[in-house]
Amino acid sequence: MLKPIVAIIGRPNVGKSTLFNRILQKKIAVVDDLPGVTRDRNYAQTDWRRKSFVLVDTGGFVPQTKEKILQAVKSQIEIAINEADLLLFVLDQQTGITDLDEQIAKILRKTNKKVIVTVNKVDRSSEESQIYQFLRLGLGEPQPISAIQGLGIGELLDFLVKELPEPAVETGFEPVSTIKVAVIGHPNVGKSSLINAILGEERVIVDERPGTTRDAVDSFFFWQGHSFTFIDTAGLRRRSKIKGAYSNTPLQIEYYTTLRTLRSLERAEIAIIVLDASEGITKQDKNIAGYADELHKGILFAFNKWDLVKEKEPKTYSQYLRKQMPLVNYAPVAFICAIKKEGIETVLKTILEVNHEKNQRVSEADLNHILSEAVKAYPPKAQNGKYIRLYNLKQVDIAPPKFVILTNEPKLIERNYLRYLNNQIRKKFPFIGVGIKFILRKHKG
């Protein structure tokens, strides 16, 4: 199931990022009084009243000259409309309707997308009567909010989830039992070359210039009785490399390329994170691994361009990787040269291994033996004068494996202790390439 996308759009300095942070109840987007602060975009998965969706914070329109206003507005809005299922059109009650608001509204009226007119900076109830001026935009009844004060957010979200479409069900010609694998990584790291090496043909265009792949491409492959769907994705760029809205590489195209990559990752079961062995691990590589881990995908690291490394010591590189990315130290590593088709069989065998591991079940008896020994060796620390007792450990799901812990104090168990339990389980059941998810429940005894 693909979660619906809700994009927050509007001109600069109307409070889009503040609204984004308010809905998520955490500070993710950078907020500043200066217009145009959001140069790249932020996204996050969230939910309201048991309905999940992807929320996207988009940058404001910052035209440099009058001649480029319409071009900038049209480019930005059209891409947002194409990717989103629902649009929050944010306006400023204090400034009223501007010419730029009118231009955006004119484009929106020509679409079939659901638009929620969201009037921000309504800081007092006495100001609510002023929002009806926005009816003349022809996009429906305006919803008053104050993003900075948190006023009207619940009502806005109640209205939003009623308008959300149901999660999309994927359709296609791939076999039902296919293993879906997203090949991800920063630009020019060799993702398309790896898929071509696996397929044995030039199915995916390869170019030495970064950013060739704009959309995700599915390729079907059969090997040793197993079916695979490989999803080639556009490279996730480092933020410092994303250029402004009027450069030769438009910001909005690069951002929505990133969004499509993340949607491709959402569709997949396993992610091959391609790393450049000649370059080392970058901050963006860590971000990509974080995305995959957060979505509970199976993970395989592939150090590409291994032929360019002078002192080839796989053990040293593996240790380096574990040190740089300790939260995904469960992921296996392959060393490949995609152009020379070296290490390809290892990649395929490892995918099958990860696929097997993510569907593994552990008996309740084995888990409770592990829990008993773990608590005996290192009991959870008392919190606020309360002793924490762990009564039972049980696996309740696979792909990803989920474990329920029954305890007297679910809210007091620290994250570090869950990591400890994670490591204790993996000593006997490695769950290679697979993240473990814990669910804490109150013991009713």
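## A salt bridge from Arg-136 to Glu-102

Arg-136 and Glu-102 form a salt bridge in which the closest N and O atoms are 2.9 Å apart. Arg-136 sits in the loop between strand 5 (114–120) and strand 6 (143–144) and Glu-102 in helix 3, so this pair ties together parts that are 34 residues apart in sequence. Arg-136 counts as exposed because its relative accessibility is 56%, over the 50% cut-off. Glu-102, with a relative accessible area of 27%, is partly exposed.

## The model as a whole

The structure is a predicted model. The protein contains eleven helices and 15 strands. Of its 445 residues, 52% are buried. Where contacts join residues at least 6 apart in sequence, 70% of them are between residues at least 24 apart.

## Other salt bridges

How many salt bridges does the protein have? The count comes to eleven. One of them joins the side chains of Arg-11 and Asp-101, with an N to O distance of 3.0 Å. This pair links distant parts of the chain, 90 residues apart: Arg-11 is in the loop between strand 1 (5–9) and helix 1 (16–24), and Asp-101 is in helix 3 (residues 99–109). Are Arg-11 and Asp-101 buried or exposed? Both residues are buried.

Another salt bridge brings together the side chains of Lys-428 and Asp-366, at 3.9 Å from N to O. Here too the pair links distant parts of the chain, with Lys-428 in helix 11 and Asp-366 in helix 10, 62 residues apart. Lys-428 has a relative accessible area of 48% and is partly exposed. Asp-366 also counts as partly exposed, at 28% relative accessibility.

## Helix 10 against helix 11

Helix 10 (residues 364–377) and helix 11 (residues 415–428) have axes that come within 10 Å and cross at roughly 125°. That angle makes helix 10 oblique to helix 11. The crossing of helix 10 past helix 11 is right-handed.

Which residues meet between these two helices? From helix 10 they are Asp-366, Leu-367, Ile-370, Leu-371, Ala-374, Val-375 and Ala-377, and from helix 11 they are Tyr-417, Tyr-420, Leu-421, Gln-424, Ile-425 and Lys-428. By class, the contact of helix 10 with helix 11 has ten nonpolar residues, one polar and two charged. Asp-366 and Lys-428, both in that contact, are the partners in the salt bridge at 3.9 Å.

## Helix 1 against helix 4

The axes of helix 1 and helix 4 (residues 153–163) come within 11 Å and cross at roughly 85°. The two helices are therefore roughly perpendicular to each other. On the helix 1 side the contact is made by Leu-19, Arg-22 and Ile-23, and on the helix 4 side by Ile-153, Leu-156 and Leu-157. Five of the contact residues are nonpolar, none is polar and one is charged.

His-369 has its place in helix 10. At 46% relative accessibility, this histidine counts as partly exposed. Its C-alpha atom is 9.8 Å from that of Asn-392, a residue 23 residues away along the chain.

Arg-389 is in the loop between helix 10 and strand 13 (390–397). With a relative accessible area of 45%, Arg-389 is partly exposed. The C-alpha atoms of Arg-389 and Pro-379 are separated by 8.5 Å, and the two residues are ten residues apart along the chain. Which residues does Arg-389 contact, leaving aside neighbours within four places in sequence? They are Leu-406, Thr-407 and Asn-408.

## Backbone details in loops

The peptide bond from Ala-399 to Pro-400 is cis, and its omega is near 5°. Pro-400 belongs to the loop between strand 13 and strand 14 (402–407).

Two residues other than glycine have positive phi values. Asn-13 has a phi of about 65° and lies in the loop between strand 1 and helix 1. At 37% relative accessibility, Asn-13 counts as partly exposed. Phe-431 has a phi near 45° and is found in the loop between helix 11 and strand 15 (437–442). Is Phe-431 buried or exposed? Phe-431 counts as buried because its relative accessibility is 0%.

Notes
Residues are numbered from 1 along each chain as its sequence is written. This is a predicted model: local features need pLDDT of at least 70, side-chain atom pairs count only at pLDDT 80 or more; totals for chains, interfaces and linings use all residues. Side-chain values use heavy atoms; hydrogens and water are left out. Axes are lines fitted to C-alpha atoms, for helices over the stretch in contact, and angles run from 0 to 180 degrees between N-to-C directions. Helices (H or I, at least four residues) and strands (E, at least two) are DSSP runs, numbered from the N terminus. Angles under 35 degrees count as roughly parallel, over 145 as roughly antiparallel, 65 to 115 as roughly perpendicular and the rest as oblique. A crossing is left-handed if the near helix is turned anticlockwise from the far one by less than a right angle, and right-handed if clockwise. Contact means heavy atoms within 4.5 Å. Ala, Val, Leu, Ile, Met, Phe, Trp, Tyr, Cys and Pro count as nonpolar, Asp, Glu, Lys and Arg as charged, and the others, Gly among them, as polar. A salt bridge is a side-chain nitrogen of Lys or Arg within 4 Å of a carboxyl oxygen of Asp or Glu. Buried means under 20% relative accessible area, exposed over 50%, partly exposed in between (1.4 Å probe, protein chains only).
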